[in-house]
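Q: Here is a chain with its model. For each label put on it, say what the label rests on.

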Amino acid sequence: MKADLKALMTNPVVKNAISNINPGLVERRAFRPPRCEVFKSPYTSLRQTGKYRFEIDPEAKRQLPRIIDNRVQVIAGEDELEDWQVERLTRSRTIGVVFSGGPAPGGHNVIAGIFDAAKQANPDSRLVGFLMGPDGIIENEHVEITAELVDAYRNLGGFTMIRTGRTKIDTQEKMALSRQTCRDLGLDALVVVGGDDSNTNAAFLAQEMMDDGIQVIGVPKTIDGDVQVRDADGNVLCAISFGFHSAARAFSQDISNLCTDCSSDRKYWHICKVMGRSASHLALEVALQTHANMTLIGEDLADYVDQRRIQAASGAATTDFTAFGITLRNLSRVICDAIVRRAAVGKNCGVLVIPEGVLEFINEIQVFIIKLSTILADYNNKHDRDFHTRFPRLEDKLEYLRRLAKDIANGSAPGVWNARDDELFNDIPAFFQEGLLTERDSHGNFQFSLVETDKVLMGLVKDYLNILQEKGLYKIGIERAYYEKVMLKGGLDPATYAKVMFQNADAEHLLMRNSVISRKTLRQVLVKGGLIAEEDAIPGPVVKIFNKSIPNFKTQTHFYGYDGRGSHPTRFDCNYTYNLGLTVFSLIANGATGQMAAIRNLEKDFSEWEPMGIPIAPLMHLEERKGKLALVLEKSLVDINSVAFQVVKACRENWLNASQGEDNYRRPAPIRFDGQSEDERPLTLELNALEEQEED
Ligand code: FBP
C-alpha cells in the first residue's frame, strides 16, 4: 500500500523521526552544571598572590611591558563588600567573546557561564559574539548573545553558536581594525577562547587595548591538551585545556570499538591516527582509555636510543651519533617488531595508535619541515605570487628546490637547502613531498593534519614486513591443538612432523622454520627430514598448515580528529567550561586584563576546584614560526617522566600482548554528562596528580 505522504508527514511518529530535537538533546540543554564554591557567594574578589613564580623571557618583557608584571589572581567568594566594590562588580557591561582556532567541546558552556554571571550581576549587561573567529573582530561581524541563544546551546559540542576561525591578529592594520570594532561596540572587555596561539593574541590585544580601557581575558581551549601551565617551581596552575577530555573520550570509544572488532575477526591491523598537532597528550589518554596494542608517543620517540647501534659502536670502540633520536626507518622497524611478535602467537591483527604530530619528533623530518617552511616563507616575502600559486605542480616545486640547492652550493644565493637535503627529499614518496611542502597556518604552525603520516609510516612497515617474510621471520604461529587435529585427521603423526617443520616443536604456537618460505622450501625440509621422497607430493594437511602460517598483512586506516572535536562535552568538560565562564566574568568584573581564566585542582573533588586568573605574558617565549622567531605561549608536551607516561610504558608489553590469550582491552563508557558511569576526569590528569601528591 502506498501511504498518503502528506498525512504521513503529520503522523507523530514520523514527526519525531525527522525532528532535529531528540530526548538526549533536550536533556543536555536542561542540565545545569554545578558552580564552584566561590561562585555560590553573592560577590567575588581577586586575591593577588606572589606564591607562584615565573621565569620571564626578556623578549616578553620588551614586547608586553604593560602586562608582564601581572600576578596570579585567585578568586574568592564574598558575602559582603564595600559599596564602591559592589558598584564596580554590578555595573552594566558590554562583553565581546570570540572563539579562535579549532573547535573544542565545551565552548558553548564558557559562553553560558559568562552570560549567566554577567546577567546575574546586572541584567542590563550585554554579551556579543564575534562571528567566524578573529575575522569577526577585524570586520566587526557579530551577533547579540541572547538568553534564547545560550539556552539552545547549553552543554552542546562544537562552536556552532558563533563559529570559529584561525586568523591571527598579527599586523598593525588588523590590530587597528580590531581596536576600532571594540571601541565602536563600546566593549568593556573581550574574551578570547583559544589555544596557545589565540592566548598569545589575547596578550597582545590586552597590551594594545589598555589605553581604550578594554580588558582582555583568555580561556584555555584545545583538544590537543597542550595548554597547561606550571609555575617555575613546578606548581600546576592549569592542568589541562578544555575539550581534551571529550575529544579523547570520543576517540577512545571509537578505537575501543575497533579493538573489539579486531579481537572478533582477527583480520586487520587497525591504524588509528589521532589528532594533536604536536604533543601526543591525546594519544596517551587514548592508550590509557583503550589499552590498544601499540601507541606511539612522539615525545618518547625523540628520546629513542638504538641500543643495537650503541653496542655495535662500543664493540668497535667508536661512538655512533646516529644511534640517538629515532629515524622513520627505525620507527618502522619498531612497529614491525610488534607485528611480527603478535603474529607468532597467531594474532596477525591489532590496533596501532599514531599521534598526528609524530613526525615532528623525528629528527630528519623536523629538519625538512623547518628548512622548507623557511624557503616557502622567504619566497612568499620576496615575490608577488605565493610559492604554491607560482609552482602548482609538484615537479615544478622540486625543480625550484633543485635549482636553489645548486645556487646555494655555488654561492649565488644564501639559504639552508643543500644538495644532500635535495637528494634525500627526492627519495621520499610524492604524496609525502606534497605534505612536507604544505604551507604553515596563519600562526606559523605546521599543518600535520594535512600530512598522511600513517601512510608514510605504514608504507615503510609494509616494505620491511615483506623483507622479513622473505627471510622467513614474519609468519603466523599455529595453535598446537589445531595443528594436531588437522594432522591426525589426515592420518599423519603430529609429533614426527612437528620436529621437522617447526622451529619450536614444543611450544603452544608453532612457528615454521625460518627456511620454510615457499612450497618449494617446505618440500626441501620434508625431504631432508626423511618424511617424503623427492617425487612425493606434499601431504594435504601439511599444505594446509603451511598456508595458515603465511601472513597476509591487511590494514584499515582511520583518522580521529574532526569527529572528536565536534563531540558533545563530557560532564567534566561541561562543568569545567561553565565554571571557566564564571571565572572569566569574575576576572572582568574585578578589573583584570591580560589574564587567562583557569581552574586549579581539576584532579581533585569538585568541591576543591579553585578558579583563578593566570598572567599570560610571563608564560611566553620565543619560538620558530615560518622561519622567524616569534613570541608565543609555550606549548606543553608530554613529559616522559610523568606518571601517566611511565604507567603506559610499564603496560606496553601487557597491552601488546604478544602471548597466548585474550587481549587486555579496556572499554570506556559512552560520553555522558550525567549518571554514575561517566568518568570523572581524564586518566592522565588523575595519574599525573599522584606525582604531585608524592612531592607534597
Ligand atoms: P587548536 O589548537 O586550534 O584547538 O586546534 C587543534 C587541532 O584540532 C589539531 O589537533 C589539528 O592538528 C588542527 O587543529 C587541525 O587544524 P584545521 O582545523 O585547520 O584542519
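A: A residue is called buried under 20% relative accessible area, exposed over 50%, and partly exposed in between, with a 1.4 Å probe and protein chains only. This is a predicted model, in which local features need pLDDT of at least 70 and side-chain atom pairs count only at pLDDT 80 or more, while totals for chains, interfaces and linings use all residues. Residues are numbered from 1 along each chain as its sequence is written, and side-chain values use heavy atoms, with hydrogens and water left out.

Q: Why are the buried residues of H22 said to be on the same side?
A: In H22 (residues 480–489), Arg-480, Tyr-483, Val-486 and Met-487 are buried. They cover an arc of only 130 degrees around the axis, so they are on the same side of H22; the arc is that of the directions from the helix axis to the C-beta atoms. An α-helix has 3.6 residues a turn, so residues three or four places apart point the same way. Ala-481, Lys-485, Leu-488 and Lys-489, on the other side of H22, are exposed.

Q: What covers the buried residues of H22?
A: The cover includes strand E13 (478–479), helix H23 (494–501), strand E14 (509–510) and helix H25 (540–549). After H22 comes Gly-491, with a positive phi near 75 degrees.

Q: Why is the pair of Tyr-379 and Tyr-400 called edge-to-face?
A: A pair of aromatic rings is described by the distance of the centres and the angle of the planes. Rings of Phe, Tyr and Trp (its six-membered ring) pair if their centres lie within 6.5 Å; planes under 30 degrees apart count as stacked, over 60 as edge-to-face and the rest as tilted. By this rule there are 18 aromatic pairs. For Tyr-379 and Tyr-400 the centres are 5.4 Å apart and the planes at 90 degrees, so the pair is edge-to-face. Tyr-379 lies in helix H16 (residues 363–382) and Tyr-400 in helix H18 (residues 394–409), so the pair ties together parts 21 residues apart in sequence. Tyr-379 is buried at 5% relative accessible area, and Tyr-400 is buried at 15%.

Q: What makes Tyr-483 and Phe-502 an edge-to-face pair?
A: Their ring centres are 5.0 Å apart and their planes at 80 degrees. Tyr-483 is in H22 and Phe-502 in the loop between H23 and E14, so the pair ties together parts 19 residues apart in sequence. Tyr-483 counts as buried at 1% relative accessibility, and Phe-502 is buried with a relative accessible area of 1%.

Q: How do you know that Met-512 is buried, and which residues does Met-512 touch?
A: Met-512 has a relative accessible area of 0%, so it falls in the buried class. Met-512 is in the loop between E14 and helix H24 (519–528). Contact means heavy atoms within 4.5 Å. Not counting residues up to four places away in sequence, Met-512 touches Lys-475, Met-501, Phe-502, Gln-503, Ile-545, Phe-546 and Ser-549.

Q: Why is Asp-196 called buried?
A: Its relative accessible area is 6%, so Asp-196 is buried. Asp-196 is in helix H10 (residues 196–208). Leaving aside neighbours within four places in sequence, Asp-196 is in contact with Val-227, Arg-625, Leu-633 and Lys-635.

Note on methods
Helix = DSSP H or I, 4+ residues; strand = E, 2+ residues; numbered from the N terminus.
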